[in-house]
Amino acid sequence: MTNPIRKVLIVGGGTAGWMTAAALSKVLNTKGVEVTLVESDAIATVGVGEATIPPITTFNQILGIDEAEFMRATNGSFKLAIEFVDWKHKGHRYQHPFGNFGLDIEALKFHQFWLRSLHEGWASDIDDYNLPATAVNLGRFALPSKDPGQVMSALKYAFHFDASLYARYLRGYAEKRGVTRVEGKVGSVQQDGETGFVTGVTLEDGRVLEADLFVDCTGFRALLIEQTLKTGYEDWGHWLANDRAVALQCEMGGDGLSPFTRATAHEAGWVWRIPLQHRIGTGYVYSSKHISDEDALKTLERTLDGKPTQQPNFIKFRPGRRKQIWNKNVVAIGLSSGFLEPLESTSIHMIQAGITKLLALFPDRGFNPVEIAEYNRLTILQVELIRDFIILHFHANQRDEPYWQALREMEIPADLSRKIELFRSSGRLFQSDYDLFAEPSWIAVLLGQGVTPQRHDPLVDQYDQAFVRGQMERLSGLIRRTAESMPSHEAFIARYCAAPEFKA
Ligand code: FAD
């Protein structure tokens with residue numbers, strides 16, 4: 001006998017709140033669960049969060065979203081990679097593209113053949129063997145082919161979009177499918193005297209909203225999971241030095257509508273550049289111990305591609321995670337669950353992953369602790385792997401400012417240290433089951449940050465050099481011709497999903 005959930009209350013209407021509402025409205029609507037979202041116009045959303053990673057295309061597919069309509073509604077552009085500028089040292093750049101490097105040869109990893117070419121002195125750039133990276137270098141974009149025989153079938157992509165328009169779009173979607181939106185500020189939270197479970201929230205105007213399951217999407221405020229349940233926080237500030245950001249929007253300029261996010265390293269952090277159809281989103285993520293807010297803003301203003309169109313938005317944060325992400329009958333999704341800085345655009349993905357797990361472990365009113373524990377175990381595993389991947393970017397550097405020196409010299413998590421040393425020795429990598437970032441991502445960033453393997457897998461030496469060269473040249477030629485056959489990113493957007501504000 002189950003005791004089904006009858007009412008879900010989502011508190012907060014930022015990206016997390018409306019993604020949750022949209023997904024629940026799609027999956028639960030036939031099962032008679034009432035879904036309500038309460039948000040307050042008096043409390044702004046965080047106002048950033050505009051770059052995504054490829055799994056978001058699956059989220060859209062599950063929701064049945066028409067991609068071109070969604071792109072038009074959010075002024076969206078496409079993303080094939082992140083370009084890292086000045087990270088290893090000033091004047092250096094590399095890409096973390098969404099896709100594989102080359103093709104494995106008889107079960108031996110392609111990157112091992114590339115390492116052999118490097119050690120033998122005939123290597124070309126590893127990006128020549130990666131389709132998205134080659135397309136990025138040419139400023140091209142096209143959707144993947146549905147024919148698995150085509151090189152284009154392996155193309156993976158993500159989006160850049162306007163965060164406030166994205167929430168608005170999902171709100172329309174969710175309301176159409178029966179989610180009730182309540183405008184109002186939550187003033188107090190009620191708990192069961194015995195169990196401590198949340199029973200309801202009272203708005204400042206006296207209205208009471210009750211539910212069985214509560215989803216805390218109140219952003220950094222963490223109104224239910226922390227302010228009410230006092231769940232506790234694990235701070236990762238000793239590994240991730242950045243604790244502030246200043247965000248701005250500016251007119252289109254510079255490299256224009258490039259199909260990638262750019263992350264440029266600076267004296268005490270890094271600056272993002274996210275091009276949308278009509279403007280650029282940018283911001284400096286920095287360590288308040290190493291630079292003042294005023295100087296951070298000055299640095300950001302120096303890097304702008306066009307005239308600012310917005311007042312600077314200063315944001316404080318604490319890297320880390322909630323000790324439990326699901327506590328009693330409250331599940332924290334979004335910034336309320338913890339925060340990893342946006343270097344690899346992972347926060348919106350963690351919202352998606354949180355929703356997927358909530359649906360996979362959807363409770364009844366008994367709230368079985370076994371399921372809650374599994375939710376927490378999986379979330380913590382995933383977020384710690386992402387954390388280590390992000391730390392890698394900061395730790396493996398050759399820059400000389402105090403901020404970068406401290407990051408290079410800090411002690412890093414043991415698992416990450418083992419991974420780096422294994423790769424440095426012979427280019428070998430073993431992927432953990434729950435790692436969001438697959439082998440090609442680790443290869444791109446390890447090589448990009450200057451962790452160059454001393455040796456390659458001896459098994460690749462069994463192959464005749466002329467054979468290996470021939471295979472690699474054919475592959476890079478095919479990739480190059482495929483990328484050259486794609487339209488420019490601008491031309492693709494103009495044809496497929498131009499918003500009224502689109503500026504070609
Ligand atoms: P918010 O946007 O803060 O929303 C909180 C909601 O709760 C609001 O609707 C507010 O009104 C409501 N609320 C709060 N208190 C109450 C109350 N008492 N009563 C009623 N309502 C209340 N992620 C990415 O994936 N890619 C990126 O490129 C990226 N860049 C980022 C850059 C920076 C500098 C930062 C800080 C974050 C970035 N993120 C990024 C993360 C991303 O912005 C968030 O994951 C995403 O916006 C979700 O935020 P949220 O909905 O949890 O919180």
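How many salt bridges are there between domain 2 and domain 3? The count is one, and we can walk towards it through the rest of this predicted model.

Let's start with the layout. The domain assignment of the protein gives domain 1 as 7–50 + 166–235 + 319–367, domain 2 as 77–160 + 385–489, and domain 3 as 244–316. Between domain 2 and domain 3, the C-alpha centres are 26 Å apart. Their contact draws 23 residues from domain 2 and 19 residues from domain 3.

Now for the area of that contact. The size of an interface is often given as the accessible area lost when the parts come together. Here, domain 2 and domain 3 bury about 1,700 Å² between them, with 62% of it on carbon and sulfur atoms. On the domain 2 side, Glu-83, His-160 and Tyr-403 supply 36% of the area buried against domain 3, more than any other three residues.

Which elements give two or more residues to the side of domain 2 that touches domain 3? They are β3 (77–79), β4 (81–85) and α11 (402–409). Of these, β4 gives the most, with five residues. By class, this side of domain 2 has twelve nonpolar, four polar and seven charged residues.

Technical notes. Residues numbered from 1 in each chain as written. Predicted model: local features only at pLDDT ≥ 70, side-chain atom pairs only at ≥ 80, totals over all residues. Heavy atoms only, no water. Domains from an automatic or database assignment. Contact = heavy atoms within 4.5 Å. Buried area = accessible area lost by both parts, 1.4 Å probe. Salt bridge = Lys/Arg side-chain N within 4 Å of Asp/Glu carboxyl O. Helix = DSSP H or I, 4+ residues; strand = E, 2+ residues; numbered from the N terminus. Nonpolar A, V, L, I, M, F, W, Y, C, P; charged D, E, K, R; others polar.
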